[in-house]
Amino acid sequence: MESMVHIISEAYHKTLTRELFINEWAQERLSFGKPLWHFLSVQMEPNNMFNIFIPLCGIFSQEILLHLFSAFTLISTLNSFEKWIFPETRPLWFLREQFANKVVVEKPAVALESHQLSCEMSGGLPCAHSMTFTVFVLILASFFFVRYWDRSVAWRSPFCRCIMYLLIIGMVVCMWLSRLYLATEFLHQCILGSYLGIRALSTFEGNVKYLFSRPRRYAVSAVCFLGGLALSVYYVKLELNIDPHWSVREAFKWCPEPTYLRHEVGPIFALVRDLGNLMGLALASPLYKL
Ligand SMILES: O=P(O)(O)OC[C@H]1O[C@@H](O)[C@H](O)[C@@H](O)[C@@H]1O
């Protein structure tokens, strides 16, 4: 059993070390797109989506606003819970730990530049930017596609559809590159982020009628249960001698300048933000009446 664990942890370390080269490649080859990578990571981050972009979508219709807000909140909560329960390391933390660890003889032959934006405080998996951005783009694209489907024949052509798919994929890949360039995420964290976002969105779409018809009492109890779950994860971790604030400590340890750290990207802040948004939705339930 022990040798099995050893083999798995060796393979995991090797994979992460190889993935560091992808981050290095992105920093060396993609610096021409620096303004775009900064724009995507700063402006299209989940907090701005909640505060600016989702409310702005209400201009088109209340239906899209409600749909976007509820799907986005649920998916962001899923992301925050994963980061809270199992915070995975980030490229810069992993690289610095390897160099600081005297037991590691073969140090990775990689050099990564640390940016002000690289100072994240939560775990890496799944990438919150990729997960929420993929969901946002997919919901908006399907909304516009359905809206223009009846209005224009040209819109129904396979060419138009093809262009739309390429645009969506292009935008999501740009978000991955932005996170890789800033060395905040490994490639697998970005891919898994988008994949989980798509899976969670299709589950949401499949159960939207059920979710929107839940009475307030039921919805509020579900949110209280989630709050209790987050709290129990904290105490269970303490009981098991696992540091619940491990990711925050890593951020303080490896961020070049403590003033770069932003409290609003911490795991507890993200959980409170998402559960707060969910509670708002729960209090407004049943949502189909809105
Ligand atoms: O996982 P990522 O993409 O590095 O994002 C980290 C954090 O970035 C912040 O901007 C978000 O508000 C958080 O919700 C998120 O957890």
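Which cysteine is joined to Cys119 by a disulfide? The partner is Cys255, with an S to S distance of 2.0 Å, where a disulfide is a pair of cysteine sulfur atoms within 2.5 Å. This is a predicted model, in which local features need pLDDT of at least 70 and side-chain atom pairs count only at pLDDT 80 or more, while totals for chains, interfaces and linings use all residues. Residues are numbered from 1 along each chain as its sequence is written, and side-chain values use heavy atoms, with hydrogens and water left out.

**Cysteines**

A search of the whole structure finds 1 disulfide. The torsion about the S-S bond of Cys119 and Cys255 is about 85°, so the disulfide is right-handed. Cys119 lies in the loop between helix H5 (91–100) and helix H6 (128–149), and Cys255 in the loop between helix H11 (246–254) and helix H12 (267–283), so the pair ties together parts that are 136 residues apart in sequence; helices are DSSP runs of H or I with at least four residues, numbered from the N terminus. Cys119, at 4% relative accessibility, counts as buried, and Cys255 counts as buried at 11%, the term meaning under 20% relative accessible area with a 1.4 Å probe and protein chains only.

Cys57 is in no disulfide, the nearest cysteine sulfur being that of Cys174, 19 Å away. For Cys127, the closest cysteine sulfur is in Cys190, at 4.5 Å, which is too far for a bond. Cys127 is buried at 0% relative accessibility.

**Pockets and cavities**

On a 1 Å grid over the protein atoms alone, a cavity is a set of points where a 1.4 Å probe fits but cannot get out, a pocket is an open set with protein on both sides within 12 Å along at least five of seven lines, and lining residues have an atom within 4 Å of a point. Grid points are joined across faces, edges and corners, and a volume is the space filled by probe spheres set on the points. The lining classes take Ala, Val, Leu, Ile, Met, Phe, Trp, Tyr, Cys and Pro as nonpolar, Asp, Glu, Lys and Arg as charged, and the others, Gly among them, as polar.

| Space | Volume | Lining by class |
|---|---|---|
| Largest pocket | about 690 Å³ | 18 nonpolar, 5 polar, 1 charged residues |
| Second largest pocket | about 420 Å³ | 10 nonpolar, 4 polar, 5 charged residues |
| Largest cavity | about 300 Å³ | 7 nonpolar, 8 polar, 9 charged residues |
| Second largest cavity | about 50 Å³ | 7 nonpolar, 2 polar, 1 charged residues |

The largest pocket has a volume of about 690 Å³, and of the 24 residues that line this pocket, the closest to its centre are Leu74, Leu211, Ala222, Leu226 and Leu278. Helix H4 (62–85) gives the most to the lining of the largest pocket, with 6 residues. In the second largest pocket, the largest share of the lining, 4 residues, comes from H5, while helix H1 (2–29) and H11 are also among the elements that each supply at least two residues.

The count comes to 2 cavities of 30 Å³ or more. Of the 24 residues lining the largest cavity, Pro46, Glu120, Ser122, Ala128 and Val265 are the closest to its centre.

Methods
Buried < 20%, exposed > 50% of the residue type's maximum accessible area, 1.4 Å probe, protein only.
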